[in-house]
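Dear colleague,

Please find below the sequence and the structure that I am handing over to you. My notes on the structure follow directly after it.

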Amino acid sequence: MGPIGVFDSGYGGLTVLADIRASLPQYDYLYLGDNARAPYGTRSFDVVYDYTLEAVQELFDRGCSLVILACNTASAKALRTIQQNDLPQIAPNKRVLGVIRPSAEVLGSLTKSKHVGILATEGTVKSNSYVLELEKFSPEVTIHQQSCPMWVPIIENNRHDSEAGRLFIQEDVKRLLEKDPAIDTILLGCTHYPLVKSYLESILPNHISVISQGKIVAESLSDYLIRHPEMEMECSKNGSLQFLTSENTHVFNEKASVFYNGPVDAVHIKW
């Protein structure tokens, strides 16, 4: 038995981890942030795949039988290849799950107009993963995407509340709504973006809902563990939490505490 692994290229996955722990506090968790090589959003498919596989292997080596990619870019660019090509070879009894499919499964039920917008990194938008997944679960939904390349660095440098930061956010939101004025539901397709959710709600019309992924992923994980008791039995239950980062731990702890909304004490790892 071992902890549930949670991986992100940076800090955003901590928003998902917080919701997962709130929903399933009995399990042990091991969070790994590849902060030294972040952001992943502008990197090629091959690079994101290589980095993500390396992180997954690290979590496997540390006892995790189940790993959650709490990163939309990694889920978009690496998850399917890891599931189909790598797991059968390196760890046939272990599992890796992402954040895009759970979100796509419920989006159709959240929109009344059947017009949905996605705000995400350039990598996630280019992958077209949300469009492909929504076509499976809600083919009647019209979806438009807007890449927000500046949001991650703005948020990680705590500039999202500055005048300049808010101008970038406003411009990207405006571009999304210009593509489809009928949008009534916007999904935050990057786990960093919950930190600007309240600001987005303040500038959007009241009829537009802003959806974060954390609670959706937590509910999906809970359902998965019920449906897969053989995997649930592999997850240890002491309520513990550990953090790993490829970044300087002092830098990580300071920034991570904002995303996790609590104290963080990480251990540094070297690739």
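The notes below move from the overall fold to individual residues.

This is a predicted model, in which local features need pLDDT of at least 70 and side-chain atom pairs count only at pLDDT 80 or more, while totals for chains, interfaces and linings use all residues. Residues are numbered from 1 along each chain as its sequence is written, and side-chain values use heavy atoms, with hydrogens and water left out.

Overall fold

The protein contains 13 helices and ten strands; these are DSSP runs numbered from the N terminus, with helices being H or I of at least four residues and strands E of at least two. Its radius of gyration is 18 Å, close to the 18 Å that the globule rule gives for 271 residues, so the protein is as compact as a globular protein of that length. The radius is taken over C-alpha atoms, and the globule rule is 2.2 Å times the number of residues to the power 0.38. The C-alpha trace spans about 50 × 40 × 35 Å along its principal axes.

Of the 271 residues, 54% count as buried (buried is under 20% relative accessible area, exposed over 50%, partly exposed in between, with a 1.4 Å probe and protein chains only). The accessible surface comes to about 11900 Å², and 49% of it belongs to carbon and sulfur atoms; areas come from the Shrake-Rupley method with a 1.4 Å probe, and for residues only the protein chains shown count as cover. Among contacts (heavy atoms within 4.5 Å) between residues at least 6 apart in sequence, 77% join residues at least 24 apart.

Nonpolar cores

A nonpolar core is a set of buried Ala, Val, Leu, Ile, Met, Phe, Trp, Tyr and Cys residues joined through side-chain atoms within 4.5 Å. The largest one has 48 residues, and those with the most contacts inside it are L14, L119, W151, Y193, L200, F243 and F252. Helix α11 (residues 214-227) supplies the largest share of this core, five residues. A second, separate core of 25 residues includes L59, C71, V96 and I269.

F252 is located in helix α13 (residues 249-260) and counts as buried, at 0% relative accessibility. Leaving aside neighbours within four places in sequence, F252 is in contact with Y11, L14, Y31, N35, F243, T245, V264 and A266. F252 and G10 are 242 residues apart in sequence, yet 9.1 Å apart in space, C-alpha to C-alpha.

Helix α2

Helix α2 (residues 45-61) has 17 residues and reaches 24 Å from its first C-alpha to its last, close to the 24 Å expected at 1.5 Å a residue; the expected span is 1.5 Å times one less than the number of residues. Its buried residues are V48, Y49, Y51, T52, L53, A55, V56, E58, L59 and F60. Their cover includes β1 (4-8), β2 (29-33), β3 (66-69), α3 (72-77), α4 (79-90) and β4 (95-97). The helix is followed by G63, whose phi is positive, near 100°.

Polar contacts

A polar contact is a pair of N or O atoms within 3.5 Å; within protein, one must be able to donate a hydrogen and the other to accept it, and residues adjacent in sequence count only if both atoms are side-chain atoms. E232 sits in helix α12 (residues 229-232) and is buried, with a relative accessible area of 19%. Its side chain makes polar contacts with the side chain of Y27 (2.7 Å) and with that of K237 (3.2 Å).

H144, in strand β6 (residues 142-147), counts as partly exposed at 23% relative accessibility. The side chain of H144 makes a polar contact with the side chain of D180 (3.5 Å).

Backbone features

Most residues other than glycine have a negative phi, and most peptide bonds are trans.

- A cis peptide bond joins A38 and P39, with omega about 0°; P39 lies in the loop between β2 and α2.
- K114 has a positive phi near 65° and lies in the loop between α5 (100-110) and β5 (115-120).
- N128 has a positive phi near 60° and lies in the loop between α6 (122-127) and α7.

With kind regards
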